[in-house]
Amino acid sequence: MVTELFSSNLLEFDVASKYANIISDTFTLIVGFVAIGIPLAIQIASQVTEKYDSSRLAKRLTQGVLVNPVSLIITSIIYILLSILFKANQSKGNSLLPSVIETVLVIVLIITFCLTIVAAAWFFIRLYFRVMDPTEDYIRDFLMLNDSLKLKLLMKFDALSNKSSYFYWIKKLKIEDRFYYSNFTASKLSYVSAGLEVLIEQLKSKSWDSSFVEILFQFHKKVVKTYFGPKKHYISLSKSDVKFIKLYWDALVRIIRVSREAEDAKLSFHSQRLFATMISHIIHDPRYVQIVAEDYVLTSDEKINLSSDLYEIARWQGNQSGKGIDLVIECEWFRELFGLLRHVNFRADLTGIVTANRSIVDVFQIVTKDHPHKVLKFYKNISENLSGDLHSDWINSKPTERSKNWINQFWRDFNKVEYTINNLDVLEDKVKSLSDGRAFVKYGEFGKSVPLNEDDVNQAIKAIESNDFSDNILLRYMKSTGCSMLGELAFQGRWQEIYDCLEWKHPRESNICHLGESLFASSVNELLDLIFRELSSIENDFRFHDRYELSPFVFRGVLYQLCYFCERSNGIGSLYGGGAYEDCTKKKKILNRILEQQGNVPLVGFNQETLDSVLEALNNSIKAIDKRMSNDICNKVVRPSNWMSLKSNIVKGWQENNLLFEQLNVGYKPKVLNIDTCVLKHSIGREILITTTNEAEIANQWGYRAAWNLLIQLYNRLSDSSKKGVLSDIVIDNIAVFASKESLQNLGFKLVKKQTWIHEECAKSFGYMAESENILVVDKNNVQINMTLNPLRAGDKSPIFSYFIDSNELQIELNIEVFYEICLNNDNGIILI
């Protein structure tokens, strides 16, 4: 009934025939709106975004969720196809389709046409409004600075969780973190990249508009809050997160260049400060390795090239003509990295801190070489932000229970160590010993002491991680870097700049004593202590320049500093006037290295008389150290352990020639034999017996020489007891022959190893090379050599008796004696030919 009514009404109206009359007009409208309008709109979008070189900006003007060029073209094609079908059905005057289907087709055409026209109209209206949108609005959208409804609701719940305990579970979910760390897709990253592209261009052309600078600050705040906020370092970073950080980093690098080229001082200042803040956050982040590529390694889009970017900005700023705000090359960013308000946790990963310090030295090299007028600014920016004490404060914690007072012993040993960035593994081991029980085992008293609980351990760790302790380590680290920079200045011959830096701390026109630290040493004692502590780094770790080693230039700079201090205080007195004996050799070496540079320091800021005074003080100090070492050596008691070690090494050297005696048919007796001979009398340095110096090789040589001296004595005594003979008397059978090399070879002996000759036909016959024209033949069957065995060295079969004569002088007389006898069975046992 309904179908019949519907069909009859449509047939009476005759929709198909009426629509056939206007269908050509609809084609005209479709062509106007779609075929012409869409290409024109795309051309407009391309022209508007042409200078940005970003497809996302063009898509912003034309793209929509439902209405976009693609959807308009598709609906237009659908309409055209349906229209062709409708026209084909009406072409012969009679409809080939049932009337109901024909009517439905017309309705679909009408709906499709209306949708296409409305969508096209909406497309152009939206295009107009998007073209007219303020640039800062869509930049905010691209940079995701406008909080979405989802985020507003989530943060509302988060605020409720802070007010009411009923919503504490929301805090547990870390809603805000989950929102931010939702792994940026490639699409989102492209939007951020496009937003930064527009922002940079607007900052370049409209830097007077504060709204764009405000957007830059808001985006910076968003990046810092998202990735480097409190406890954010516990959250792992994905590759897309790292790319997001890199996008902002690269944008800052470009903004620094753009602002300098546009001579916009305000923007230049702000962008470099933001850049410094990012460096600070990155190098102190435990995830540094995930964010930053290796030093000076170029990567595509994976990680930040911190060292190379920083170096390139500094080099670029140095090459700019005219004055500008050049904070990077002047190291103004040091305040953000290690300033007074920045707490440096040296127990975390040090890779970032070491990299930043290396970059400081690299930038300083640019300044020293090409821009010496910036040296003082560079020096001041570092020195003004240093704090701490070169001599560590006493670190301790006090548990409330007396049974835990054993920790005082731990702190006593802990504070004996001077902690630097090179021995932080020792610090970490000591911290771990508190929690794993090793410290309690070492310092606790059985039955009276109890281990530390978790709160006590945390209290101890908190004391170690205090700002003062970290500042002390940082100060020592930067003082070491100051040595390297001093060498750089001396290498480039920037003596006036060194003078200006030293004068800046305490200007001679001022009577005020300025507190605070400086990169270079501010007194003679501090300078000497610094070089003593950093000598190993100066000689081994400092870099080379144009085939020149940097360490001599460091000592050259030290000599200049000594001259400066001498000129300011009318003398420097004795250098290294005290200290332990073990340090004297190192101190003497330092003074000699400084003295080697006496002909290489110009008279800048002082006269020749000052230089001569310093050189005299150096020479007198070296003599004083020598005298102190001599007195100390003469007054110390010989260490029994040193003497026992020395005797053992002498025995080892003796045993190297022991085989020669065994070949002579030597026997060992427990009694003292009648021939007492001193086989070695030698003066040795007394310090060998009182210090830990290893003289094993020299002692071996003394034992070796003693054995040869005894062999020479035996040769002489055997010669005196010999019987004259002729060459035909020699019978090669278990004999020992002493002769020249030529004679031994003629007799059929050959050298098999060091000092050992064996007869080719009789293996029991041995030869010894002697510087004599005579041939001494010893029949081992008829000659017996006995030696007194040292009862203390019975296991080594050692016949030597060693002792020393000590008269409390620098030299000690070493004596090595042997007791022996020669027994002859008959007169034919020894023949001299």
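Mentor: A residue is called buried under 20% relative accessible area, exposed over 50%, and partly exposed in between, with a 1.4 Å probe and protein chains only. This is a predicted model, in which local features need pLDDT of at least 70, side-chain atom pairs count only at pLDDT 80 or more, and totals for chains, interfaces and linings use all residues. Residues are numbered from 1 along each chain as its sequence is written, and side-chain values use heavy atoms, with hydrogens and water left out.

Trainee: Is K588 buried or partly exposed?

Mentor: The relative accessible area of K588 is 26%. Because this value lies between the limits of 20% and 50%, K588 is partly exposed.

Trainee: How many salt bridges does a search of the whole structure find?

Mentor: A salt bridge requires a side-chain nitrogen of Lys or Arg within 4 Å of a carboxyl oxygen of Asp or Glu. With that criterion, the search of the whole structure gives a total of 21.

Trainee: With which residue does K588 form a salt bridge?

Mentor: The closest N and O atoms of the pair are 2.7 Å apart. K588 belongs to helix α27 (residues 584-595) and its partner to helix α28 (residues 608-635), so distant parts of the chain, 38 residues apart, are linked. Helices here are DSSP runs (H or I, at least four residues), numbered from the N terminus, as are strands (E, at least two). The partner, partly exposed at 28% relative accessibility, is D626.

Trainee: Which residue meets E418 in a salt bridge?

Mentor: The N to O distance is 4.0 Å. E418 lies in the loop between α19 (407-414) and α20 (424-436) and its partner in helix α23 (residues 467-492), so the pair ties together parts that are 58 residues apart in sequence.

Trainee: Which residue meets E332 in a salt bridge?

Mentor: The two side chains meet at 3.3 Å, N to O. The partner is R335.

Trainee: How many of the 19 residues of α13 are buried?

Mentor: Helix α13 covers residues 265-283 and reaches 27 Å from its first C-alpha to its last, close to the 27 Å expected at 1.5 Å a residue. The expected span is 1.5 Å times one less than the number of residues. The helix is mostly covered, and its count of buried residues is 14.
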